[in-house]
Each structure stands twice: as structure tokens, then as C-alpha cells.
Amino acid sequence: MIEIYTRPGCGYCTHAKRLLTSKGLDFVEYDVYENPKYIKQLQTRTTDRTYPQIFIEDISVGGFTELLEKEQCGLLANNL
Ligand SMILES: N[C@@H](CCC(=O)N[C@@H](CS)C(=O)NCC(=O)O)C(=O)O
């Protein structure tokens with residue numbers, strides 16, 4: 001499962017979601033403005049404080065930059 005924490009108006013969040021969608025990868029989005037409880041939840045999962053924050057199978061990947069690196073190394077399979 002891919003999970004992504006986002007906030008509105010965040011360009012990197014848009015890029016990350018677009019990249020996942022372009023790879024045909026489904027994801028669960030947690031918009032922290034829609035529901036502030038996601039902020040506390042996120043703080044228990046990573047010390048990173050920028051958005052987006054992405055998790056693949058419960059492992060912290062980082063943000064868009066890190067996601068893009070994975071994709072460019074061929075590590076973002078279409079069958080995740
Ligand atoms: N290298 C990070 C950069 C992320 C970033 O700068 N995100 C901005 C929003 S688009 C951010 O979180 N700024 C601080 C904040 O919103 O508190 C990534 O690729 O995700």
C-alpha cells in the first residue's frame with residue numbers, strides 16, 4: 001500500500017500524486033488540512049516535516065524528490 005500525506009497548495013504533493021498516477025499506482029491520501037489528526041499520526045511515523053511524506057508498505061520513502069529518484073532508478077514498479 002502506498003500512503004501520502006499532503007496539504008493543499010503544495011506543488012511537490014501535486015507532482016508526487018501525478019507521478020504515482022502516471023505509473024498506475026494506487027495510493028491513499030491523507031490531507032492534513034482536511035483532518036488535523038493526520039499531523040499527529042505523521043509525526044509518529046517520520047521526523048521529516050515537509051510535505052508530501054510518502055510511505056510504501058509502511059516504510060518511509062521521503063518526499064517527491066526521493067520518490068522521483070526511486071522512479072528514475074526503476075524502483076517504482078507498476079505492480080506495487
Ligand atoms: N524535497 C522535498 C521538498 C518538499 C517541500 O519543500 N515541501 C514544501 C511544500 S510543497 C513544504 O513542506 N514546506 C514546508 C511546510 O509546508 O511546512 C520533496 O521533494 O518532497
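**View 1. Strands β1 and β2 run parallel and are joined by four bridges.** Here β1 covers residues 2–6 and β2 covers residues 28–31; helices (H or I, at least four residues) and strands (E, at least two) are DSSP runs, numbered from the N terminus. Two strands count as paired if DSSP finds at least two bridges between them. Look for Glu 3, which stands opposite Val 28 in β2. Between these strands the chain passes through helix α1 (residues 11–22), and this β-α-β crossover is right-handed, a term for a path from the first strand over the helix to the second that runs clockwise with the strands pointing away from the viewer. A second pair to find is Tyr 5 and its bridge partner in β2, Tyr 30.

A word on the model before we move on: it is predicted, with local features needing pLDDT of at least 70 and side-chain atom pairs counting only at pLDDT 80 or more, while totals for chains, interfaces and linings use all residues. Residues are numbered from 1 along each chain as its sequence is written.

**View 2. Helix α1 has a buried face.** This helix has twelve residues and spans 16 Å from its first C-alpha to its last, close to the 16 Å expected at 1.5 Å a residue; the expected span is 1.5 Å times one less than the number of residues. Cys 13, Ala 16 and Leu 20 of α1 are buried. Seen down the axis of α1, its buried residues fall within an arc of 65 degrees, so they line one face of the helix; the arc is that of the directions from the helix axis to the C-beta atoms. On the other side of α1 you will find Gly 11, Arg 18, Thr 21 and Ser 22, which are exposed. Buried here means that 20 or more other C-beta atoms lie within 10 Å of the residue's own, exposed means 12 or fewer, and partly exposed is in between, with C-beta atoms placed from the backbone. The buried residues of α1 pack against β1, β3 (53–56) and α3 (64–72); contact requires C-beta atoms, placed from the backbone, within 7 Å. After α1 comes Gly 24, with a positive phi near 75 degrees.

**View 3. Four strands make an open, mixed sheet.** Their order is β2-β1-β3-β4. At the edges are β2 and β4 (59–62), each pairing on one side only. From one strand to the next, the twist averages 25 degrees. Helix α3 packs on the sheet, touching β3 and β4, and its direction makes about 95 degrees with that of β4. For such angles, axes are lines fitted to C-alpha atoms, for helices over the stretch in contact, and values run from 0 to 180 degrees between N-to-C directions.

**View 4. A cis peptide bond joins Tyr 51 and Pro 52.** Its omega is about 0 degrees. Pro 52 lies in the loop between α2 (37–43) and β3.

**View 5. The loop between β3 and β4 holds Glu 57 and Asp 58.** Although Glu 57 is not a glycine, its phi is positive, about 50 degrees. Asp 58, also not a glycine, has a positive phi of about 75 degrees. Glu 57 is exposed, with 9 other C-beta atoms within 10 Å, and Asp 58 counts as exposed with 8 C-beta neighbours inside 10 Å.

**View 6. Leu 75 is found in the segment after α3.** This leucine is exposed, with 12 other C-beta atoms within 10 Å. Leu 75 and Lys 40 are 35 residues apart in sequence and 29 Å apart in space, C-alpha to C-alpha.

Note on methods:
Two residues are in contact if their C-beta atoms, placed from the backbone, lie within 7 Å.
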